[in-house]
Amino acid sequence: MAYYGAQQPMMGAPPPQTADPMWPYFSQVAGQDGQIDAEELQRCLTSWGISGSYQPFSKETCRIMINMLDRDRSGQMGFAEFKELCTALNQWKTTFTNFDRDRSGSVEGHELQQALTAFGYNLSPQALGIIIKRFSTNGKIHFDDFVSCVVKLRAFTSAFQAKDFQRNGTATFQFDEFIQVTMSL
């Protein structure tokens, strides 16, 4: 899609994104519309190898990663959103690795709390307990679940901040708005 004032590549010239190292991973799964859905994102991220020695991302985690950046609510993402996601994934992987001190491939509750604090979240013990129960298996949070957790926290925080007009930790949602926020992830 061309936008007024955007420079168009010269005929025969390669698209500008071909110089981007992430372009081959994206373009091999993107359709002619230049968008990818959750299944395509899963294949793309597996091909890229961002999950490293961890299990590939689940389709559900890929779906919520798309929803986090899906400003037009199409259920897909373009290359710009994909690059934004890759930047976030690299940061999350670095944080996960830093707090997986025993190199087990998972973080425990106290390590998750330290990671979330590093992201700027100051959660009550009750909220942290709920998060750990939701995202852990036998007390361990694997990378896929860690990413799912931070995606949801990021999206919910953004939605909350958009309604916290006075920046006092209070937001008012209509029921339908609440459902849209929570069910979009």
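What follows starts with the rings and then turns to the arginines.

A word on the ground rules: this is a predicted model, so local features need pLDDT of at least 70 and side-chain atom pairs count only at pLDDT 80 or more, while totals for chains, interfaces and linings use all residues. Residues are numbered from 1 along each chain as its sequence is written, and side-chain values use heavy atoms, with hydrogens and water left out.

The structure holds nine aromatic pairs, a pair being rings of Phe, Tyr or Trp (its six-membered ring) with centres within 6.5 Å; planes under 30 degrees apart are stacked, over 60 edge-to-face, and the rest tilted. One of them joins tryptophan 23 and phenylalanine 26 in a tilted arrangement, 5.8 Å centre to centre with 35° between the planes. These two sit three residues apart in helix H1 (residues 23-27), so about one helical turn separates them; helices are DSSP runs of H or I, at least four residues, numbered from the N terminus.

Elsewhere, Phe57, Phe96, Phe119, Phe143 and Phe146 form one aromatic cluster.

Now to the arginines. Arginine 73, in the loop between helix H3 (59-69) and helix H4 (79-99), has a positive phi of about 55° although it is not a glycine. Arginine 73 is exposed, at 60% relative accessible area. In the loop between helix H7 (143-163) and helix H8 (175-183) you will find arginine 167, whose phi is also positive, near 55°. Arginine 167 is exposed too, with a relative accessible area of 59%.

Conventions. Buried means under 20% relative accessible area, exposed over 50%, partly exposed in between (1.4 Å probe, protein chains only).
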